[in-house]
Amino acid sequence: MSYCTECGRELVLKNLENEGMVPYCERCGQFRFPMFNTAISAIVYAPDGKHIILIQQYGRKQNILVAGYVSRGESTEETLVREIREELGLEVTDYTFNASSFFERSNTLMVNFACRVSSDSLEGVNHEEVDLARWYTPEEAKENILENSLAKRFLLKWLDKQTFYPSGEEMKRKTILCYGDSNTYGYSPEDGSRYPRGSRWPGILQGLLGEDCTVVEEGCNGRTTVIVDEQEPWKCGETSLKACLNTHKPVDLLIIMLGTNDMKKQYYADAAGIAAGAEKLARISKEFLQIKQDYPPEILLVAPPELRAGISRSPFKDSFSEDAVKVSGQLAPLYEQAAQRTGCHFLNAAEIVESSREDHLHLTSPEHGKLAAAIARKVQEIFGGAEKEKR
């Protein structure tokens with residue numbers, strides 16, 4: 001912008017505190033921030049949530065997204081609904097923000113949404129504005145949309161978040177990811193086998209919560225918080241965390257119960273270091289999913305069960321000393337402080353369950369049931385509180 005929009009005088013650059021060099025009108029004595037257009041573009045889904053519409057316009061044989069400029073007095077959401085009605089003859093039933101980007105060529109801020117419409121009929125397409133409209137699967141849309149375009153960048157960003165537009169019921173259902181070690185995996189202290197899903201706490205939790213939630217198990221024997229084992233680096237919780245989060249997104253609640261394996265002799269970890277590792281996982285999860293699914297998950301940080309005294313004489317005597325028992329008893333208050341710093345929820349498993357007499361480390365099936373019941377109550381509290389905040 002070179003001239004004042006009020007008086008027409010040529011602008012000069014002048015320093016504005018905290019803003020840098022900004023165009024300034026010496027006649028009006030006012031800073032004139034650069035002006036630009038605003039427009040929306042839309043990834044439009046059919047009611048089935050599995051097909052996306054691409055259009056061609058103005059005699060060009062290039063597939064693009066529905067788009068249009070925001071009119072004075074309109075919100076971007078109102079423009080979205082209006083443009084789809086005007087160009088496709090379809091009504092928007094729900095929508096969500098995807099991304100935005102400045103398009104230099106037309107001096108326009110483009111705001112992209114994903115939305116769903118009430119019908120897949122194309123009989124109402126306005127052929128004065130749209131030459132051709134066609135439904136594609138997400139994979140077909142990726143292959144057929146204009147290459148090297150902003151529309152394709154928007155589409156790829158959206159499809160990286162999820163592969164289809166969820167139905168109303170799927171949007172209501174909560175995904176709970178249980179990220180832990182052998183006590184989440186369901187290691188049996190009696191014989192080293194794995195308990196059936198219905199006897200380990202994530203599976204029991206699913207039964208307690210019912211169809212309103214999908215409980216996903218991510219338990220790995222030997223998993224640490226952030227400690228990398230030279231022999232088995234893949235057991236580091238930090239190493240595999242993002243892959244797990246991206247695999248199961250959208251994640252509404254992440255339950256982290258790790259720290260037990262950090263107490264092994266070879267790692268020399270103290271309670272403060274272990275709690276710091278758990279806190280780091282919580283921070284990574286929030287930041288990563290904010291990018292990947294546009295919102296951070298609720299996180300429940302669970303201080304793991306305490307080791308039972310005598311573990312140095314147990315089947316795991318080569319890995320744990322009696323010092324580890326002491327460290328395990330110090331974790332709960334440190335985990336609670338970490339939860340407070342990161343805005344997470346907290347649960348102390350040591351107040352609910354005890355490690356087995358068989359190996360002094362793992363939970364028996366009845367203890368899995370106790371833990372699942374306590375976590376179920378906490379989950380209902382978390383989601384109940386989240387709904388109240390929305391209202």
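**Cysteines, salt bridges and a buried asparagine**

Cysteine 344 counts as buried, at 12% relative accessibility (buried means under 20% relative accessible area, exposed over 50%, partly exposed in between, with a 1.4 Å probe and protein chains only). The model is predicted, so local features need pLDDT of at least 70 and side-chain atom pairs count only at pLDDT 80 or more, while totals for chains, interfaces and linings use all residues. Residues are numbered from 1 along each chain as its sequence is written, and side-chain values use heavy atoms, leaving out hydrogens and water.

The sulfur of cysteine 344 lies 15 Å from the closest cysteine sulfur, that of cysteine 178, which is too far for a bond. The structure holds zero disulfides (pairs of cysteine sulfur atoms within 2.5 Å). Cysteine 25 is in no disulfide either, with the nearest cysteine sulfur, in cysteine 7, 3.5 Å away. Cysteine 25 is buried, at 0% relative accessibility.

Turning to charged pairs, there are 18 salt bridges (a side-chain nitrogen of Lys or Arg within 4 Å of a carboxyl oxygen of Asp or Glu). One of them joins arginine 341 to glutamate 279, with the closest N and O atoms 2.7 Å apart. This pair links distant parts of the chain, 62 residues apart: arginine 341 sits in helix α10 (residues 331-342) and glutamate 279 in helix α8 (residues 271-293). Helices (H or I, at least four residues) and strands (E, at least two) are DSSP runs, numbered from the N terminus. Glutamate 279 is buried, at 11% relative accessible area.

Finally, asparagine 348 belongs to strand β14 (residues 345-348) and is buried, at 12% relative accessibility.
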